[in-house]
Each structure stands twice: as C-alpha cells, then as structure tokens.
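Trainee: Hi! Could we go through the charged pairs in this one together?
Mentor: Happy to, let's have a look.

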Amino acid sequence: MRYGVCMKSENLVTAFQKLFGSEPSSTYFSPGRVNLIGEYTDFNGGYVLPAAINLGTYYAVGLNTTNRVNVYSDGADGLVSINLTDIADQILNQDWSDYVKGSLVEYHKSALVGEHGVDIYISGDLPRNSGLSSSASLTVGLVFLLNNIWDCNLDRLDIAKMSRSVENDFIGLQCGIMDQFAVAKGQTDHAVCLHCHTLESKLIPFQLDGYEIVITDSRVPRKLSESSYNQRRGECDAALATLQKDLSIDYLCEASVQDVEKCEELRANPIAYKRAKHVVTENSRVLAAVKCLSQNRLAEFGELLYASHNSLRDDFEVSCKELDILVETTKNIAGVLGSRMTGAGFGGCILSLVATSVVPEFIQQLSAAYAAHTSYQATIHCCQIGDGVKQLNN
Ligand code: GLA
C-alpha cells in the first residue's frame, strides 16, 4: 500500500461521490504513532511511551443499500468488496486488504456485524512499513468507523484490543498492544505512558521548550510478518521461561536488571540473555524518560534515546546499518539532544530530539550524510503530536 499525499476533506468527499455515486455520511482520521521510548517492552508486560502523530489515514464513509462492505484505497489503487454473509471465510491476500478482512472478521467474532453494507474510501499521508504504524492506523480507523456506523457501543480500549487481535489472529504478527492503544487513545500535545500488562495509562504533557521531535525515514523497506519480529517474541518467551525457574513472574518486565544479571542459566544462553537485558533496561528507561520530561530535563531525555538505540542495536539486534548511520550522524549535528530507531526496526524510521532553531541545518546535514553513505535518500518529517482516531464531521 503506498498512500498518496493527504487529501483534504472536500477532495475525499468528492472522490467518494465519484466512486460510489452517493454522498458519504461521515469522514474520519486515524493517526500513525511515534514511539518516543519503550521498544519491545509491550508484549513483555512493560511500559511504553508512544504518541499519536498528525500523519495518518483518512476515510469517507456511508451506508449502502446492498449487503456488501466495499473499501477502496487510493494509495493502493485497489477495491475490496466483501459480502456480509461471507465474512467468516476470509483468507489472507498479503496486502492492505488483509486489514479490512481482519477487521470484519473481528466484528464477526464479536457478533457485531451490522445489517447494512458500507462504502469506504481511504486515503492518507503516512509512509507504510516505516515504523510509524501504518497498519494500526488503518485497522483502528476501520474498527472505529464500523463501530460508529453500525452503532456497536465499543469504547476506545475495546477498539484497540480488537485491532490488535486483527494482527495477532488474522495477519499472524504476534505484536503487543502499544500501536493500537496509541492510535485509539492518543491526544494532542501528549505522549501516552502505558503499562502494557495492566493497561493503566497516563497522558504525559509533551510540549518541548525550543525543541521538537523530527522523524527521519531511512526508506529501508521491511515487512514485519516476514521479518524476525515473531522470532524476537519467541526469544523473549524463552528468556522468561528460564527466569521463571527462580522467580515468580508472568512477564519479562517484572524481572529486574539484577535478576537478569544473576541468573546463570540465562547468561549461559547469550541470545536469551541479550534479549532479556534489552527488555528490562528499556523498561527502566521509559520510567526515567517520563521523569525527565516532567522535570524538563531534556538533555537527559536525549541521552536515554541514544541508550535505547544502543540496546536495540547490540542486545535486541533489530537495528540495521542504515538506521545506525542515521543515529550516529545526528551525534555530530549541533543542537541534537538524542536519537534512536523507533518502532519494530529492521529498517523504518529514527526519531531525533532537535533544537527548533537548527531544524533546517539538521535536515540538510543528515540528508547529505545519509545519501553519501548509503544507497537510500532519507525522507524527513517534522510532524506534530496529534489526536487519536476521530470523526471529522457528521
Ligand atoms: C511493532 C509492534 C508493537 C511493538 C513494537 C516494538 O510496532 O506492533 O506492538 O512491539 O513493534 O516496540
């Protein structure tokens, strides 16, 4: 799926009318997310600190008089049409339509499929497969708008959980709940500190005095379900099983750094040990980062970003040469306090904390150095922290 340039609401409505021959009843926006810190802690029952961003997926929607759900994506230039009575029989197509099918399957499992067909036109401005959660953006938006149009009374947490089940049960990616939670429950100018085991969350004000978060897309392509994501999950489970021989814990993040260091059987398995070490140290970094933000200690927050990247590179081994080049380059640009890869890695984006006054130089220097040292051209986004999924009009 390659989304085109963000469509203004009126263009979305016109495109819907042209394609479906009727007026949409409503329009929606579902954001992407940037994870400030707390990588691979979610399915290990730990803390994460993501935020919704103002890039995302747009939808125009209307009920139709048939028994079909018709969904068109202008980025993919593709239409999927599913009969309401056939929802249980969906199979994977290995493309964007799987998220549509998976969302409908979740409605079917919850016996919430409406009586009327729906037409949906989708557009967006979020780069796909780059660590900014284009799939959570697409899925949460679909689950949210179906909830409204079929009057199902689901709340935002239900919507996040259903959207995660689409990934786990239909797509086959054993991800945690961070992305779907951030997309469903993000708020402008706030990061979401979520404890992924209890699902307790707190909004953390995120307006930085003189600094901003800049996102650089390495343009290194990746596909999570084909990548080592599920393998990392298995390695974490193996580390947990070893620690459980001595500790009464249900999640890796309940172990302390000392627990990991003093478990001899774990240390004897270098892969499991490194994965566990990353997870428990990253979990502590999230809590430290929240403290730094609340006390406006931005330089220390920046150091935590660099430390997170090192741990993801050396212990969790989900970075790649290009992401490392980007992060290393930012260390030599004046006015940068910290950088790290964001999201699942294996390509995708880094985020950097940059003084607002040097952003133009940052863009120029980082783009030039990256082009000189790799075969890719970086894309740099200065995006804002925005709201979670929402209806744009009635
Ligand atoms: C992907 C997954 C999340 C999380 C991150 C890594 O974005 O969807 O659940 O595990 O990777 O932190």
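**Charged pairs, one by one**

Mentor: Let's begin in helix 9 (residues 270–294): Arg285 and Glu282 are about one helical turn from each other, because they sit three residues apart there. Keep in mind that this is a predicted model.

Trainee: Okay, and how close are the closest N and O atoms of Arg285 and Glu282?

Mentor: They are 2.9 Å apart, and the two residues form a salt bridge.

Trainee: Nice. New topic: what does Arg33 pair with?

Mentor: Its side chain meets that of Asp179 in a salt bridge, at 2.8 Å from N to O. This pair links distant parts of the chain, 146 residues apart: Arg33 belongs to strand 1 (residues 26–37) and Asp179 to helix 5 (residues 178–185).

Trainee: Why does Arg33 count as buried?

Mentor: Because its relative accessibility is 3%, and the cut-off for buried is under 20%. Asp179 counts as buried too, at 18%.

Trainee: And what about Glu106 and Lys109, where do they lie?

Mentor: Both are in helix 2 (residues 97–109), three residues apart, which is about one turn of the helix. Glu106 is buried, with a relative accessible area of 7%, while Lys109 is partly exposed at 49%.

Trainee: Last one: how many salt bridges does the count come to?

Mentor: The count comes to 17.

Note on methods
Residues numbered from 1 in each chain as written. Predicted model: local features only at pLDDT ≥ 70, side-chain atom pairs only at ≥ 80, totals over all residues. Heavy atoms only, no water. Salt bridge = Lys/Arg side-chain N within 4 Å of Asp/Glu carboxyl O. Helix = DSSP H or I, 4+ residues; strand = E, 2+ residues; numbered from the N terminus. Buried < 20%, exposed > 50% of the residue type's maximum accessible area, 1.4 Å probe, protein only.
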